[in-house]
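Q: I would like to go through the charged residues and the annotated positions of this protein. Could we start once it is on screen?

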Amino acid sequence: MTPSPIIAPSILAADFARLADAVHAIEGAADWVHVDVMDNHFVPNLTIGLPVVQSLRKATTIPFDVHLMITDPERWAPGYAEAGAYNVTFHAEATDDPVALAKTLRAAGSKAGLAIDRDTAIEPYLDLLPHVDTLLIMTIKAGFGGQKFLPGMLDKVREVRRRIDADSLEVRLEVDGGIAAETIEQAAEAGADAFVAGTAVYGAHDPARAIAELRALAGGVG
């Protein structure tokens, strides 16, 4: 049975000059705050880093879902766990030993997530599911917000959901990229249970209402 949906608005789509206000606008509505950390190396873009996360963590009680699109996650990821992130997700393409890094993150106080980018096959990572708390499937190419949802990525979601269910694993299956009212039902039907939404939330007149609408769409599948 798929768990109740998690809606994780991405502050990549918010006003960077008013991040605390952006987080306050979704309090009581969002389950997680999705924080995209990009280093201008693993991906072309450059966003926020640990000092901003540390400051923002003091401004809200919503759990932080930190998505590291960076090289050398072994060096940097534990700091986000120590800063109070609920879940820290690193990319499979950026590490040679994801199981060891997952153990390090759990020891540092967070849950551990593994992200799979658009062009990466899922099959080599299915056996790692028991070692992580979240498996994040990119439904776009990692690195930029506002991209169009790629429905072909849902085959990966279906494959992961089959393995999670077959092995009775407690792993959140998250999707990130182009998630909106027009696409969230497709992702939920494929088996996703956590949904990152940027523009669909922060581009809306009422972010909290947008979250409620997304939750209803995702929760109505089954």
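Predicted model: local features only at pLDDT ≥ 70, side-chain atom pairs only at ≥ 80, totals over all residues.

Q: Which side chain does Asp193 meet in a salt bridge?

A: The partner is Arg172, with an N to O distance of 3.2 Å. Arg172 sits in strand 7 (residues 172–176), whereas Asp193 belongs to the loop between helix 6 (184–190) and strand 8 (194–197), so the pair ties together parts that are 21 residues apart in sequence.

Q: And Arg172, buried or exposed?

A: Arg172 counts as buried, at 19% relative accessibility. The cut-off for buried is under 20% relative accessible area.

Q: How many salt bridges does the structure hold?

A: There are 12 salt bridges in the structure.

Q: What about the one between Arg209 and Glu213, where does that pair lie?

A: Both residues are in helix 8 (residues 207–219). They are 4 residues apart there, which means that about one helical turn separates them.

Q: How accessible are Arg209 and Glu213?

A: Arg209 is exposed, its relative accessible area being 54%. Glu213 is partly exposed, with a value of 43%.

Q: Within it, how far apart are the closest N and O atoms of Arg118 and Asp119?

A: They are 2.9 Å apart, and the two residues form a salt bridge. Arg118 is partly exposed, with 31% relative accessible area. Asp119 counts as exposed, at 55% relative accessibility.

Q: Changing topic: which residues gather in a patch of negative charge on the surface?

A: The patch is made up of Asp72, Glu74, Asp96 and Asp97.

Q: Where does Asp97 lie?

A: Asp97 is found in the loop that runs between strand 4 (87–91) and helix 4 (98–108). Its relative accessible area is 41%, so Asp97 is partly exposed.

Q: Now the annotations. Which residues does the UniProt "binding site" annotation cover?

A: According to the unreviewed UniProt entry, the "binding site" annotation covers His34, Asp36, His67 and Asp176. These residues span 143 residues in sequence, yet no two of their C-alpha atoms are more than 10.5 Å apart, so they gather at one spot.

Q: Where is His67, and is His67 buried or exposed?

A: His67 lies in strand 3, which covers residues 64–69. At 0% relative accessibility, His67 counts as buried.

Q: And where does UniProt place the feature "active site"?

A: The unreviewed entry places "active site" at Asp36 and Asp176. The two span 141 residues in sequence, yet their C-alpha atoms are not more than 10.5 Å apart, so they too gather at one spot.

Q: Last one: what is the setting of Asp36?

A: Asp36 is part of strand 2, residues 33–38. Asp36 counts as buried, with 6% relative accessibility.

Note on methods:
Residues numbered from 1 in each chain as written. Heavy atoms only, no water. Salt bridge = Lys/Arg side-chain N within 4 Å of Asp/Glu carboxyl O. Buried < 20%, exposed > 50% of the residue type's maximum accessible area, 1.4 Å probe, protein only. Helix = DSSP H or I, 4+ residues; strand = E, 2+ residues; numbered from the N terminus. Patch = residues over 30% accessible without salt bridge, like charges linked within 9 Å, V, L, I, M, F, W, Y side chains within 5 Å. Areas by Shrake-Rupley, 256 points an atom, 1.4 Å probe, with all protein chains shown as cover. Lys, Arg positive; Asp, Glu negative; His and termini not counted. Charge placed at Lys NZ, Arg CZ, Asp CG, Glu CD. UniProt positions renumbered as here; feature names shortened; annotations may be inferred.
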